[in-house]
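Please walk me through this structure.

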Amino acid sequence: MASVGGGGGGANKMADKEKKKKESILDLSKYIDKTIRVKFQGGREASGVLKGFDPLLNLVLDGTIEYMRDPDDQYKLTEDTRQLGLVVCRGTSVVLICPQDGMEAIPNPFIQQQDG
Amino acid sequence: LVDKCTGSRIHIVMKSDKEILGTLLGFDDFVNTVLEDVTEFEITPEGRRITKLDQILLNGNNITMV
């Protein structure tokens with residue numbers, strides 16, 4: 001299967017790292033101190049500056065703004081926002097992380113998922 | 001980071017539209033938390049629920065934000 005090349009280099013070095021356990025498929029260190037958008041199970045969304053993270057994908061966000069979806073909202077990102085200061089977001093309920101500016105492509109992480 | 005908050009008042013947001021304010025007594029690896037002097041809020045109707053004292057154990061499964 002052809003692998004999709006991402007923007008960054010170092011694709012050969014990633015193959016060695018895949019033998020280790022608990023390797024994240026997404027390197028969050030490049031998002032530190034950047035504003036990101038996070039979506040949660042249950043339909044919540046939040047934006048904030050990423051201050052920290054761990055392998056379980058728990059996130060620490062600063063200056064967090066939380067958005068909620070109304071029944072008639074669908075995806076309006078209403079004015080129903082709240083400012084929370086420093087928050088810890090549970091990795092177990094995170095479904096999407098993306099930079100506030102837009103999306104960027106990453107190399108396909110699912111190529112060698114034979115181990116199950 | 002959460003470890004630094006033990007003993008402080010914290011505000012926990014669940015996956016559903018429910019929030020819990022209380023004093024953090026402790027937590028475990030799964031982020032099940034023990035809280036004291038707890039007030040429970042429903043976000044949308046903006047009504048405060050029961051104020052529960054003593055202590056509660058909150059299941060970390062449904063916690064979204066702390």
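This is a predicted model: local features need pLDDT of at least 70, side-chain atom pairs count only at pLDDT 80 or more; totals for chains, interfaces and linings use all residues.

Residues are numbered from 1 along each chain as its sequence is written, chains are lettered from A and ligands numbered from 1 in the order in which they are written, and side-chain values use heavy atoms, with hydrogens and water left out.

Take the salt bridges (a side-chain nitrogen of Lys or Arg within 4 Å of a carboxyl oxygen of Asp or Glu). One joins A:Asp33 to A:Lys51, with the closest N and O atoms 3.1 Å apart. A:Asp33 lies in the loop between helix H1 (11-17) and strand E1 (35-40) of chain A, and A:Lys51 in strand E2 (residues 45-53), so the pair ties together parts 18 residues apart in sequence. Helices (H or I, at least four residues) and strands (E, at least two) are DSSP runs, numbered from the N terminus. A:Asp33 is exposed at 51% relative accessible area, and A:Lys51 is partly exposed at 42%. The cut-offs are under 20% for buried, over 50% for exposed and partly exposed in between (1.4 Å probe, protein chains only).

A:Glu66 pairs with A:Arg44, at 2.6 Å between the closest N and O atoms. Both residues are buried.

In chain B, B:Asp37 forms a salt bridge with B:Arg9 at 3.9 Å. This pair links strand E3 (residues 33-42) to strand E1 (residues 9-14), 28 residues apart. B:Lys18, B:Glu40 and B:Glu42 form a network of salt bridges.

Now the ring. The charged end of A:Lys30 sits over the ring of A:Tyr31, 6.0 Å from its centre. The rule asks for NZ of Lys or CZ of Arg within 6 Å of the ring centre and within 35 degrees of the ring normal.

What of the cysteines? A:Cys89 is buried at 0% relative accessibility, and A:Cys98 is buried at 3%. The structure has 0 disulfides (cysteine sulfur atoms within 2.5 Å) over all chains.

B:Gly26 sits in strand E2 (residues 18-27) of chain B. Its contacts (heavy atoms within 4.5 Å) include B:Thr6 and B:Val34.

Finally, the interface. Chain B gives 18 residues and chain A gives 16 residues to the contact. Across the interface of chain B and chain A there are 0 salt bridges.

Notes:
Lists of a residue's contacts leave out its neighbours within four places in sequence.
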